[in-house]
Amino acid sequence: CYKIAQISKDDNSQLAVCRVLLAELEAHKDAWPFLTPVNHKVILGYRKVIKRPMDFSTIKRKLNNNLYFNLDTFIADVNLVFDNCEKFNEDDSDIGQAGHNMRKFFHELLHLKK
Ligand SMILES: Cn1cc(C(=O)NCCN)ccc1=O
């Protein structure tokens, strides 16, 4: 049963790493555009242009509902947040710049944890 215990321990420690990474993203000064889902009733065109919306609160809900298989599936959703941002916003806009800053910050976090 050691093998089974080992697998579940890895899942738990990977889950703990995801929670810490998400907390650090949410605490960043440039996180404000990404904390909650984009309101497509307010932001015209968003629903048509962005096929897979994602935000930090949705990632937190998915983490708590055990919907991430491993660290890589978590990283894919975080990158989706930044890819959506780049698609919808000009690079020189406030939100566009925030997205670039947050992507760089997340990339550096990942390389610290390795
Ligand atoms: C990520 N993103 C956020 C917004 C937004 O307005 N967020 C509300 C901030 N309070 C608009 C476009 C977009 O791509």
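This is a predicted model: local features need pLDDT of at least 70, side-chain atom pairs count only at pLDDT 80 or more; totals for chains, interfaces and linings use all residues.
Residues are numbered from 1 along each chain as its sequence is written. Local features need pLDDT of at least 70, side-chain atom pairs count only at pLDDT 80 or more, totals for chains, interfaces and linings use all residues, and side-chain values use heavy atoms, with hydrogens and water left out.

Rings of Phe, Tyr and Trp (its six-membered ring) pair if their centres lie within 6.5 Å, and their planes count as stacked under 30 degrees apart, edge-to-face over 60 and tilted for the rest. By this rule there are five aromatic pairs. One of them joins Phe34 and Phe82, edge-to-face at 6.0 Å centre to centre with 90 degrees between the planes. Phe34 sits in the loop between helix 1 (2-27) and helix 2 (46-49) and Phe82 in helix 4 (residues 71-88), so this pair ties together parts 48 residues apart in sequence. Helices are DSSP runs (H or I, at least four residues), numbered from the N terminus. Both Phe34 and Phe82 are buried, where buried means under 20% relative accessible area, exposed over 50% and partly exposed in between (1.4 Å probe, protein chains only). Together with Phe56, Phe34 and Phe82 form one aromatic cluster.

Turning to helix 5, its buried residues include Gly96, Met102 and Phe106. On the other side of helix 5, Asp94, Lys104 and Leu112 are exposed.

Conventions. Helices (H or I, at least four residues) and strands (E, at least two) are DSSP runs, numbered from the N terminus.
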